[in-house]
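This briefing covers selected helices, helix contacts and individual residues of the structure shown below. Please read the points with the model open beside them.

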Amino acid sequence: MKPNKRTSLLLLTFAILVGVLAAAPLWGPGIVNTRGGGDSPFLLQRTLEMAENLRHGSFPARWMSHAAYDLGYPFFNHYGALPFYLSGGLTALGISPLLAIQATQTLGFVLASVFMLLWARRLFHNPAAVLLATTAYTFAPFHLVNVYVRGDSLSEFYAFIWYPLIFWALDRVAERPTRGRFAAATLAYSALILTHNVSVLTFSPFAGVYLLMRCLTKLPGEQRRNLRHLARAAGQAALPFVAGMLLTAWFWLPALAETRYGQMGPEFTAGYFHYTNHFRGRDLVQSSFLFDY
């Protein structure tokens, strides 16, 4: 879409309102009652533990001292916890944990909607298509499930912020690779690494292929058949991801180095937890009209 201040303002307002609408059910008298009680209380525990770390100047936070019946365990050392720095930081400043969590989740909805709008504007020339993409992304069932059904998956929920922002930044790198654009892509990818471990593993291959294809389409036909130009395009595609890994090594490197000190045995990858038990079959298509988690 061609930039237009009035159109941009209207679209931005729409994206914010869509995000706020998706977050509206959060603002009740208590925490969301997921799964008949469910996992939402873990948000309180993690927020309070993060707030305690921040009050004591422990940064980056690694230890949940009151977890495991006060024995403690290094939750923040092994699990991407970027959104908990926000909810925990607000709590450390004196805001109630419940209000801090509600504000953090609301911001997650709004930012995901705004960044999807940002990327959609690069993809589509029709404002209606931009609005549809933004709305569909914000109200995608799994995006809502992370808040209203699963409850405690705040990090996975926040990963939805970074997906469209990363694609937007990668598009700009492919269009014109400048230092500033590489830096933006690196920071967006770094934010995903610090937000949710598994999302990085599942998203990175697609993002890498996406940037490589976009870089190749920018090359003239004769250069696509030249190995030197292909290698340069591949290196250009890898740079934001390598830089993001280096920038966040303070988080993932200790996590990998210290796995031998925790319970990381086969019981966490066998039985119910083995990936082969979670492929979808005929139940991928539901018979009811309303979404059935």
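This is a predicted model: local features need pLDDT of at least 70, side-chain atom pairs count only at pLDDT 80 or more; totals for chains, interfaces and linings use all residues.

Helix α11 covers residues 197-217, and because 21 residues at 1.5 Å a residue should span 30 Å, the 31 Å between its end C-alpha atoms agrees with that expectation.

- An α-helix has 3.6 residues a turn, so residues three or four places apart point the same way.
- Helix α10, residues 179-195, has 17 residues and reaches 24 Å from its first C-alpha to its last, which is close to the 24 Å expected at 1.5 Å a residue.
- Most of α10 is covered, since twelve of its 17 residues are buried.

**Packing of α1 against α6**

- Helix α1 (residues 5-23) packs against helix α6 (residues 97-123) at an angle of about 145°, and the two axes lie 8 Å apart.
- The crossing in which α1 passes α6 is right-handed.
- On the α1 side the contact involves T7, S8, L11, L12, A15, I16, V18, G19, V20, A22 and A23, while α6 contributes T106, F109, V110, S113, V114, L117 and R121.

**Packing of α8 against α9**

- Helix α8 (residues 141-148) and helix α9 (residues 154-175) pack at an angle of about 145°, with 8 Å between their axes.
- In this pair, α8 passes α9 in a left-handed crossing.
- Residues F142, H143, N146 and V147 of α8 meet E156, F157 and F160 of α9.
- The residues of the contact of α8 with α9 divide into four nonpolar, two polar and one charged.

**Two residues of α6: A120 and L123**

- A120 lies in helix α6, and with a relative accessible area of 0% it falls under the 20% limit and is therefore buried.
- Leaving aside residues up to four places away in sequence, A120 touches V130 and A133.
- The C-alpha atoms of A120 and F167 are separated by 9.9 Å, although these residues stand 47 residues apart along the chain.
- L123 also lies in helix α6, but its relative accessible area of 34% makes L123 partly exposed.
- L123 and L290 are 167 residues apart in sequence, and their C-alpha atoms are 30 Å apart in space.

- The peptide bond leading from F59 to P60 is cis, with omega near 0°, and P60 lies in the loop between α2 (41-55) and α3 (67-70).
- Y69, placed in helix α3, has a positive phi of about 55° although it is not a glycine.
- Y69 has a relative accessible area of 85%, which is over the 50% limit, and so Y69 is exposed.
- D70, whose place is likewise in helix α3, has a phi near 70°, a positive value in a residue other than glycine.
- D70 counts as exposed at 53% relative accessibility, because that value is over 50%.

- G94 is found in the loop between α5 (82-92) and α6, where its relative accessible area of 63% makes G94 exposed.
- Between G94 and R280 the separation is 186 residues in sequence and 45 Å in space, taken from C-alpha to C-alpha.

Methods:
Residues are numbered from 1 along each chain as its sequence is written. Side-chain values use heavy atoms; hydrogens and water are left out. Axes are lines fitted to C-alpha atoms, for helices over the stretch in contact, and angles run from 0 to 180 degrees between N-to-C directions. Helices (H or I, at least four residues) and strands (E, at least two) are DSSP runs, numbered from the N terminus. A crossing is left-handed if the near helix is turned anticlockwise from the far one by less than a right angle, and right-handed if clockwise. Contact means heavy atoms within 4.5 Å. The expected span of a helix is 1.5 Å times one less than its number of residues. Buried means under 20% relative accessible area, exposed over 50%, partly exposed in between (1.4 Å probe, protein chains only). Ala, Val, Leu, Ile, Met, Phe, Trp, Tyr, Cys and Pro count as nonpolar, Asp, Glu, Lys and Arg as charged, and the others, Gly among them, as polar.
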